[in-house]
Amino acid sequence: MADEYINGDDEALLLTNLDNVEAEIISSKLKWYGIPVLKKEKGAGAIMEIYTGVNFYGIDLYVPAHVLEIAKELLESNHLSDHFYDEI
């Protein structure tokens, strides 16, 4: 993922306090569109998930700052689901 963050581009917070399933679904959708995603687990969330199976602290998703608005538009629109049904 470090290769996608070039030219000094900073990461921008896209979503916060997601559970693991939500974070995986959203990040896979964005990656499908070529948008790199960085997942950061808060606090001891990663350790708690190992012991309990649940991350009580949540997961934050970051994208490169220059594609933040595009990522938000993709998640807010039905474009993701429309394309899926066109393929079927």
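Guide: Helices (H or I, at least four residues) and strands (E, at least two) are DSSP runs, numbered from the N terminus. By that reading, K40 falls within strand β2, residues 38–41. The model is predicted, so local features need pLDDT of at least 70 and side-chain atom pairs count only at pLDDT 80 or more, while totals for chains, interfaces and linings use all residues. Residues are numbered from 1 along each chain as its sequence is written, and side-chain values use heavy atoms, with hydrogens and water left out.

Visitor: In what order do the strands of the sheet stand?

Guide: Two strands pair if DSSP finds at least two bridges between them. Here the 3 strands form an open sheet in the order β1-β3-β2, with antiparallel pairing. Because β1 (11–18) and β2 each have a single partner strand, they stand at the edges, and one side of each is left without a neighbour in the sheet. Ignoring direction, neighbouring strands of this sheet are turned by 25° against each other on average, where axes are lines fitted to C-alpha atoms, for helices over the stretch in contact, and angles run from 0 to 180 degrees between N-to-C directions.

Visitor: How many bridges join β2 to β3, and which residue of β3 is the bridge partner of K40?

Guide: The antiparallel strands β2 and β3 are joined by 4 bridges, and the partner of K40 in β3 is D60.

Visitor: Is D60 buried or exposed?

Guide: Buried means under 20% relative accessible area, exposed over 50%, and partly exposed in between (1.4 Å probe, protein chains only). D60 counts as buried because its relative accessibility is 8%, whereas K40, at 34%, counts as partly exposed. The strand that holds D60, β3 (residues 59–64), is mostly covered, with 6 of its 6 residues buried.

Visitor: Which side chain makes a polar contact with that of D60?

Guide: A polar contact is a pair of N or O atoms within 3.5 Å; within protein, one must be able to donate a hydrogen and the other to accept it, and residues adjacent in sequence count only if both atoms are side-chain atoms. The side chain of D60 has such a contact, of 2.5 Å, with that of T16.

Visitor: Which residues is K40 in contact with, leaving aside neighbours within four places in sequence?

Guide: Contact means heavy atoms within 4.5 Å. With those neighbours left aside, K40 is in contact with E11, G58, I59, D60 and Y62.
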